[in-house]
Amino acid sequence: MRIDIATLFPGMFESYLSESILENAISRDLIQIKLHNMRDWAHDKHNTMDDRPFGGGPGMVLKVDRVVPCVEAIQAMDARPGRVVMLTPQGRTLTQRVVEELSTEDRLILLCGRYEGFDQRIVDILQPDEISIGDYVLNGGEVGAMVIIDSVMRLIPDVLGDEESASTDSFSAGNRLLEEDQYTRPREYRGRSVPEILLSGDHGLIEEWRKTNRRLKTFARRPELLFEDEPPFESNRTR
């Protein structure tokens, strides 16, 4: 998969792209990440990307005559058409089902907003998939873009090394339960011991314990997941 990131602050991604599993996936060419500074498509000596909103009001708005040419130029950089994802509080909420949907794409173009947001004509022309990572407001879309990359890359074959790890994660397809309690050495710490059944070696009983623990934890913390009937991701697609 190739992921292009259009941002006013490409430096925010430098450390993120050079660490841990993502750095390894990039070095193995399992995923390609391309950074693009949107200011490269500004036309004036100050590289202006925003302006005051018509009709008045607070803040500044990203300019249509900068952002649209930027995304169109990025699209032309690869033969594979990129699915444009606009990070915005007005978008549909990012869920694991949406992540699974995005992971099937050959290419994503992540468009990071700033200030008061985008000129509406950017949305009208580009017809992006508008996505929000939650019901709160950030300073920009960069953190949201990192969340999408982090969640999507886990579903790319060979990135994790253990394919079962991603398939058993909470919220994965077919799994509406939170993960069970996890333990490792030491067996006892400050009077708290690992459940004996996990030390029994009886894999059948251990799996039954895990299933029960998942359901009990989900009922206690996120009971709505037990009764949620979410439609297949194809019907959620709004492009």
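A residue counts as buried when its relative accessible area is under 20%, as exposed when that value is over 50%, and as partly exposed in between. Keep this cut-off in mind as you explore the structure above, which is a predicted model.

## One residue to start with

Is I149 buried or exposed? Its relative accessibility is 0%, so I149 counts as buried. This residue lies in helix α6. Leaving out residues up to four places away in sequence, I149 touches I3, I5, Y16, L22, I33 and L110. One of these, L22, is 127 residues from I149 in sequence, yet the two C-alpha atoms are 8.8 Å apart in space.

Among contacts in the protein chain between residues at least 6 apart in sequence, 73% join residues at least 24 apart.

## The chain as a whole

The protein chain has 239 residues, and 42% of them count as buried.

Now look for the open sheet of five strands. Reading across it, the order is β2-β1-β6-β5-β7, and the pairing is parallel.

Strand β6 covers residues 107-112, and six of its six residues are buried. In a regular strand, side chains alternate between the two faces of the sheet. In β6, R107, I109 and L111 point one way, while L108, L110 and C112 point the other way.

Which strands pair with β6? Strand β1 (residues 2-7) runs parallel to β6 and is joined to it by five bridges. Within this pair, I3 stands opposite L108, and D4 has I109 as its bridge partner. Strand β5 (residues 83-93) also pairs with β6 in the parallel sense, over five bridges. Here V84 has I109 of β6 as its bridge partner.

Strands β5 and β6 are also part of a right-handed β-α-β unit, together with helix α4 (residues 96-102). Another helix to find is α6 (residues 142-153), which lies across β1, β2, β5, β6 and β7 and runs at about 160° to β6.

In soluble globular proteins, nonpolar side chains tend to be buried together. In this model, the largest nonpolar core has 30 residues, and those with the most contacts inside it are I3, L102, L110 and I148. At least two residues of this core come from each of β1, α1 (14-17), α2 (20-27), β5, α4, β6 and α6. Helix α6 gives the largest share, six residues.

What does I148 touch beyond its neighbours within four places in sequence? The contacts of I148 are V85, L87, L94, L102, L110 and I131. There is also a second, separate core of 21 residues, with L8, M38, L62 and V71 among them.

## Loops worth a look

Let us finish with some loop residues. P10 is found in the loop between β1 and α1. Setting aside neighbours within four places in sequence, P10 is in contact with L35 and N37. Although P10 and E142 are 132 residues apart in sequence, their C-alpha atoms are 8.7 Å apart.

Most residues other than glycine have a negative phi, and most peptide bonds are trans. N47 has a positive phi although it is not a glycine, and Q127 also has a positive value in a residue other than glycine. A cis peptide bond joins R185 and P186, with omega about 5°. P186 sits in the loop between α7 (163-167) and β8 (188-189).

| Residue | Loop | Relative accessible area |
|---|---|---|
| P10 | between β1 and α1 | 21% |
| N47 | between β2 and β3 (50-51) | 33% |
| Q127 | between α5 (120-126) and β7 | 48% |

Definitions and conventions:
Residues are numbered from 1 along each chain as its sequence is written. This is a predicted model: local features need pLDDT of at least 70, side-chain atom pairs count only at pLDDT 80 or more; totals for chains, interfaces and linings use all residues. Side-chain values use heavy atoms; hydrogens and water are left out. Buried means under 20% relative accessible area, exposed over 50%, partly exposed in between (1.4 Å probe, protein chains only). Helices (H or I, at least four residues) and strands (E, at least two) are DSSP runs, numbered from the N terminus. Two strands pair if DSSP finds at least two bridges between them. A crossover is right-handed if, with the strands pointing away from the viewer, the path from the first strand over the helix to the second runs clockwise. Contact means heavy atoms within 4.5 Å. Axes are lines fitted to C-alpha atoms, for helices over the stretch in contact, and angles run from 0 to 180 degrees between N-to-C directions. A nonpolar core is a set of buried Ala, Val, Leu, Ile, Met, Phe, Trp, Tyr and Cys residues joined through side-chain atoms within 4.5 Å.
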